[in-house]
Amino acid sequence: MFRMIVDQVRLQAVRSLTMLLGVMVATSGFLLLTGSVDTSRLTVTRTADGSFRTAYDVLVRPRGSAGALEKRSGSVRPNFLSGQFGGITLAQWKRITATPGVEVSAPVAVLGYAQVAPEATVDVTGLVDPSRERQLLRVSNQWLADRGGSRYQDPGVTYVYVTSRPVVYNKTAPVDDGLGGRQILNQWEYKGKRLDVDPGDCGSSTFPVEIRDGGRAVPLCPLDGFEQGRDTTEAAGRDRIVVVRRNADGTYTTTGAGSGGAYSPRTLRHAEIRVGWPLSLLVAAVDPAQEAALVGLDGAMTSGRYFKESERPAVKGAEPNQEAGIPVLMADAPGVDEQLVSTVTPLAGDVGAVAAAPASELPSRLAVLKPSGSGTGGAAGEKLAADVADIYHRAVSGPDAGSASGGLSLPLDRLLRTGAVSYADDGRSDATAGATAPLKPRSPGDSSSAWSYWNTGGGTPPSWAVHDTAFRAMTSMDVTAPAGISPDGHLLGTFDASRLTRFSGLSRVPLETYEPARATPADTDSRNALNGKDWLPSSNPAGYLAAPPQMVTTLAALPSLLAGDSDQAAAPISAVRVRVAGVTGIDKVSQERIRKVAEQIATATGLTVDITAGASPAPREITVAKGRFGRPALHVTEDWTVKGVAVALVRAVDRKSVLLFGLVLVVCAVFLGNAVSASVRTRRKELAVLACVGWPGWRLAALVLGEVGLVAVAAGGLGAAVSLPLGAAFGLEVTAGRVALAVPLVAAVALAAALPPALRAGRSHPAHALHPPAHARGRARHRRTVTGMALAQLVRVPARSALGVLALATGVASVTLLAAVTWAFHGSAQGTVLGDAVSLEVRGVDVAAAALTVLLGAFALADTVYLNTRERDGELAALSASGWSDGELTRLICAEGALLGLAGSLVGAAAGLGATWWFTGRPTGAVCAAAACCAAGGLLLAVAASLVPALSRRGAPLAALLSAE
């Protein structure tokens, strides 16, 4: 029989070659596709494993702190600490620390915003006219934020009164309070004699006296919003006067040079005034040891020292004026984007009379003064610029930082609190960050009333930015420290957040204690508005972006900041970041350890627990309403942390592997089943003759299976040989072991596919095989169109047509699935930083391998059309003899291919979408569009494939074909 099998293969050279090419393509496609899947899985696993470990594995927050938007999207919002003031007790933190498997348990207690005012220096020496005895300069300040888009023109004006006359200051004496305080004596002396000064007109004791002709003492009244009861959040309460005495030796003594009041004379080489730069710095408390273990905060110090093991507030001073020195570390960068432009203009008029006016008349007299000509050293209206980063860094890291004189004051007796941002969520948010509509933050309305304390509390007026559009509700909170003790920050040193322990940028989690908030422009208008840079926070704590905590103290300081009647004292901790012991990567053991710890923490504490290991940043689109000071509406993206991305990627690749293995085997089996069925049908007369001469059915079936097995083994070997160089060219993992396994596997699939037609060949009756019925049972219908005739032919052989449809459908389904895989990475995994990296690495080889699968499906469809054409040679010859042209016959055959292609493409696209649903959890609009494109491509490929059998019958001998019928 083997000789007969070989002869049959040789005699049916065309059919055997067709089967050989199909099996060879199937073998190569199988090997390349499995190599592609293995390469993809190895790449994904390697990348995900290397990015699995983040700064912390589990994030614990107060119960109910995760909003509905976070729950739906499976993510953690940025700035999640900015509106969370406490909620976790110290006892709960200790239970978390004691949980088996917890390696690090780092708490952070957010307390609120402290108001500080580093000072910018404005040198007005160039505008001082030495020829004039008295001169008045006006300094107007404008702060720029939002990359220059917002311009906060401070309505308050600083007037600089320059005089060459002697200036005398109120005398003070030390106070025995243990704090180095001084008492104002309300005494002015000049050349050893006490001056007769009436402070009534000034409404203040902190003013200097100018000695005029005849030794007359003239008070120079200040503009002090605190002492004179004016609202410093309004324009009328923000003016001030600085007195500068031009000394005979060329130096300048400046009174009220700083922002802390009108009485602080300093003698310098230049006429300098200092402009307070009001900043709102978020204060948070941490456990020093746990924080050092989590992110290496102790190794990020840039000046000073880290917290000592038992660092506590140092209480000094005598009752009732005790002060608690709260140990504080500060970031060495401000985390905000602001610039200051000061415009200095000389003023004309009776300067002496204005300076001598009572405090009640000063505002009206100053307001009517007009600019004068330029000074000798510079032009009128000279602009001086400064950047907050330079001013802040000098204040916290300069030579005077932390000192009693000239250092940055860190008052902690009153803090501001802001709420979390809420969004006008339209309900379309889902688990895929990139597929959501832009979020629109709501405005809670004007929050400037929270600054009421600073209206009467003295010091630097708040930033004018507090009048900008608010996106966070804001309240003011008295620090309820123990009675009689005023908390004040004691600066130990500064740290650089960039020196913290680094983790993979692909799996960055919110290190909100340190990392600055930022958003990236998402369209051209926003890029232009932000000058092509990222959007950063401003000094307005009610703004959309919140700066991270810039002042870090210890949990041991909480009793000095939160007394028993504070609403945060009972549960001061805002979040706990947990690192799990024994986690080595994305392996199942490590995942189980993290899951178990998270479960135990949730059970023991009842808190909200998020597993952040394997998380990755994902951009969310935000549309922010325009501001009140020039900033246009912005369309930006900010990173939300999507949980479980690394694990989802590896699981997705596993699902993809199963699907692609199944698809390639199905398309191979469908093609071979169709090819063997075609072979049996073309040889039905030969097989009938063998049956008539006594061949039993099993032997006929064995003959058919033997032919298929021989071709399959030969084709499998050739396909395996071709796959080795192709795999090397594409960089795929095609091993010798897999090649050796592929040949018997493909042969087994071929025999399994050939078994049904082989059994039919053995069971068929010889008379049926020699004289098949001319038409199936049923009433014949007259077809009037080419499409109708093509459809009638396909219906006449339903099994064969179904095989052709199934073959193409399988190929289209594989391409649709791979397109959906790519789109799914863009949606649920891509769109995160980790997903982007993985997607870019695995996309090309998957598409290349799937192309072989769809070509194999098209090959099977072409074979179906070819067989239909061969079986109808007589019918087609009759049509040709009756006047049909070759073009019309070609259209008829192509119409059959198009109908098969349409059905196969639609079925395949639908199957691909179903597989995508299983793969990603839901199809998106983009995936549906990709499926539609794949279906259209499958239809075009089917039409192209049917052209081959259509053109092959041109020139066929009509007489021979008609005689055969």
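**Contacts, strands and a helix pair**

Biologist: Among contacts in the protein chain between residues at least 6 apart in sequence, what percentage join residues at least 24 apart?

Modeller: This is a predicted model, in which local features need pLDDT of at least 70 and side-chain atom pairs count only at pLDDT 80 or more, while totals for chains, interfaces and linings use all residues. Residues are numbered from 1 along each chain as its sequence is written, and side-chain values use heavy atoms, with hydrogens and water left out. With contact taken as heavy atoms within 4.5 Å, the share of those contacts that join residues at least 24 apart is 78%.

Biologist: How many of the residues of strand β3 are buried?

Modeller: Buried means under 20% relative accessible area, exposed means over 50% and partly exposed lies in between (1.4 Å probe, protein chains only). Strand β3 (residues 102–116) is mostly covered, the number of its buried residues being 14 of 15.

Biologist: What is the order of the strands in the open sheet of three strands?

Modeller: The edge strands, each pairing on one side only, are β7 (167–168) and β13 (217–219). β7 is joined by two bridges to strand β12 (residues 209–211), antiparallel, and Val 167 stands opposite Glu 210 in β12. The pairing in this open sheet is antiparallel, and the order is β7-β12-β13.

Biologist: At roughly what angle do the axes of helix α4 and helix α12 cross?

Modeller: Axes here are lines fitted to C-alpha atoms, for helices over the stretch in contact, with angles running from 0 to 180 degrees between N-to-C directions. Under 35 degrees counts as roughly parallel, over 145 as roughly antiparallel, 65 to 115 as roughly perpendicular and the rest as oblique, and α4 and α12 are therefore roughly antiparallel to each other. The axes of α4 (residues 90–98) and α12 (residues 588–605) come within 10 Å, and the crossing angle is roughly 150°.

Methods. Helix = DSSP H or I, 4+ residues; strand = E, 2+ residues; numbered from the N terminus. Pairing = 2+ DSSP bridges.
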